[in-house]
Every structure is written in structure tokens, then in C-alpha cells.
Amino acid sequence: MFRLTEYMHQLVDPTPVRHRRGSGPVKPVVIWNLTRRCNLKCRHCYTVSADVAFPGELSNEQAMTTLEDLGQFRVPALILSGGEPLDRFDFFEIANRARTLVPMLALSTNGTKIHGEVADRIAEVGFSYVGISLDGIGETNDWFRGVDGAFADALRGVRECKKRGIKVGLRFCLTEGTKHHLPDLLKLCDDEGVDKFYLSHLVYAGRGDKNRGEDAEHARTRWGLDLLLDRAWEAASGGNPLDIVTGNNDADAGYFLQWAQDRFDADRVAHVRDHLSAWGGNSSGLGVANIDNLGRVHPDTYWSDYTIGNVKQTPFSELWTGEDKMLAMLRTRPRPLKGRCGACKLKDVCGGNTRIRALQLTGDPWAEDPACYLSNEEIGVDEADRLTVTPFRGKSHDPAHRFY
């Protein structure tokens, strides 16, 4: 996750760079898909959820045991997700216990169920943040989400959260079919007093993989980032406050750095780059982890084909600090990147971007990320650094052989 507003403020009010201390594994932000059940049918759903019961999901006892382990391991943040997490039968029991165990507890939801008693109970839990997903305004959102009326219900959820003093954000996936709604969604944030806006780039996983043809063209991605940069600078320089973050395309950090180079002196830009380098870009397998609805642990939510282990058999804390080869490679700096990513002068800033896209396209997680929208000139590489790759057309029953 690229915290655009945070780094924009470094241009206005610089603070000391904080480097990670110690040699042990970073305690990750854990995104926990509590269930695959969901009342919507989103075209880009990475979990391929549906409004049915899925066999094999964690029992209440297994979920609570996992929760205690996460607390003892001292994970800094826990995001309860799905499917639609509110469809989990013991959601509020898990949420209430989690609130006592982790410093930051967030809810990632489609928002359509947040009203009445459910909204009251969400407020009682004391979530640090509730993120509600939209894919445009009105009918566009309903088409992408697969259910008529989904936009109105989600907007009601935003308003119900705000009425109860809950910090709320909008989450938006930028695709060719939704890009024209980005300005309207930013206006909606201002009109409704939304605290945070999260722009997600499409990741080739789940239904998002099947719909990769809808991924925004590079020029459109740059256009979207230009809008966010202007809005983030407005907030940082004293305008309407809005916390803007982006996810699933760490090239955004490099694009922001170039934006800063065109507007600020070399010392200020160098300071921001030091902050970005200390952050290190993509954090799959390092600063972020995923537990899916069946208890399987992955380097992040989009790595469903690679499993480190299962919390039904082994505590998360042991899996995360074990000797998994893929985790070790993802944590290597610099990563063993190839092609443009390997030759890029900004790889310390983006960390090689989102590896799962390279894996889905080529079968090699270390190939260049096809969604990097920066030019060869901007990242300091020659055309000869590009790799000629054959698109990967199948899935191995044992995906691990493709990684080593």
C-alpha cells in the first residue's frame, strides 16, 4: 500500500526517516478473509465469492485460536475481510475479541449490510477504520458489483458509519470500465465527509484474472494518478482533508517521486526518496500477510496459488517465522527481479511492484510487472533490458516448481 498523502506531507513538513530495526521478520498487517460468502458478484473479485455456504471454513474454535495467536504474535494491524465478512456467523464475536488484541482493527466490506442494528454493533466494536468498496456511481457500480441497488445500499452504509462517528473510507478499483467515475468518487468523498480514499489497481487473481482485459491502459493509469496527486497536494497544503492511498501498483511511488522532482528542490526530493526507500515498496510476504477462509496462509491476498501452511494445523506465528523459501525470496532486498524491473533505477522505491501479475502472465514471479506504467526513460533502462516472455497459459498442480 502506497500512502500518498503521508509522503505528500513530507514535502510540506519533513520528518526524520525511520528505518526498520532488527534482523527478524517484520510483524505483518494481516488481511483475514473470514468467509467466501458474499451477497454481491463483483467482476474483479479475487476470492471468486458467491452467496452460498463454502465447505471447510474455520470453525469458531479454530478462528478464536488463530485470533489469540495473532494477538500474542503482536501483529500491528488486522483487517477483517471476505467475501463479505459480515456474512460470517460469528463475525461480531471475532471482531470484539480482536479489538482487545491488536492495535489497529479494520473492516473491509461492501457496505450494503451496514444499517440499523448491524451499524450499531459495528460502532460498539470500535473499529479503527471501515473501508467500503465502490466501483463507480449508480448503475456503473451495480453492473460491476452484479446486483441492482448495490450503490444505494453502500452509500447508505457510508452515511450510517459517519452518523456514528466511525472513520470510513471508499475503496475503488481502477479499470477501463470505471475510470470515468474517479472524479465523481473524489467529489463524493468531499460531499459525504469520507475520511479516506483507496485506489486499487486491478490484480490478475480470481475473477480479476479472467477480466484482466479491463485493466486500465497505462495512459489512463497516469491520468488517474494525476487526479490523486492534485487532490493529495490540495489536502497537504491546507485544503480539504482526505487521506489518499493506493494499492497493488507500487510504481505509483515512482510516479509520485517524478511529480515531486518537477516541483521541488533537490534536497526536498532526496528527503522524500529516502522515506520511500525506507518503506521499500511492495510488501508481499514481508509487511503484509493473508489468511484465507480455509485457514491457508499466503504472502498476500492475491497469492492464492501459493500456500505457506494452514492455521488449522500450525499457528500463524510459526508459519510466518519458519523457513518457507518463497517468503525468504520475497523478503530479499533487492529481490531477484528480471527484465525492466531488474534494471530499474527505482526498484528500491517500489520493491519490484506486484509480483503476482508477473506470475499470472508468465509463470515466473520475478519477471517484469506488466502493469508498470513508467517509461523506460523514466526508470533508467534500455529497451534491451526488456524480456521477451511467452504468456503463461496453464496452472501447475504444484505451483512451487515455477518459483525456484
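## Two helices side by side

Axes here are lines fitted to C-alpha atoms, for helices over the stretch in contact, with angles running from 0 to 180 degrees between N-to-C directions. This is a predicted model, where local features need pLDDT of at least 70, side-chain atom pairs count only at pLDDT 80 or more, and totals for chains, interfaces and linings use all residues. Residues are numbered from 1 along each chain as its sequence is written, and side-chain values use heavy atoms, leaving out hydrogens and water.

Take helix α2 (residues 60-73) and helix α3 (residues 91-99): they pack at about 15°, axes 10 Å apart (helices are DSSP runs of H or I, at least four residues, and strands are runs of E, at least two, numbered from the N terminus). That makes α2 roughly parallel to α3 (angles under 35 degrees count as such). Touching residues (heavy atoms within 4.5 Å) are N60, A63, M64, L67 and E68 of α2 and E93, I94, R97 and A98 of α3.

## Another helix pair

Helix α1 (residues 4-12) and helix α10 (residues 251-261) have axes that come within 12 Å and cross at roughly 25°, so α1 and α10 are roughly parallel too. L4, Y7, M8 and L11 of α1 meet F256, W259 and A260 of α10.

## The sheet

Now for the strands: 10 of them form an open sheet, ordered β7-β6-β5-β4-β3-β2-β1-β8-β9-β10, with mixed pairing (two strands pair if DSSP finds at least two bridges between them). β7 (243-247) and β10 (309-310) stand at the edges with a single partner strand each, so one side of each has no neighbour in the sheet.

Strand β4 (residues 129-134) pairs with strand β5 (residues 168-174) in the parallel sense over 5 bridges. L134 sits opposite F172 in β5.

Technical notes
Parallel < 35°, antiparallel > 145°, perpendicular 65-115°, else oblique.
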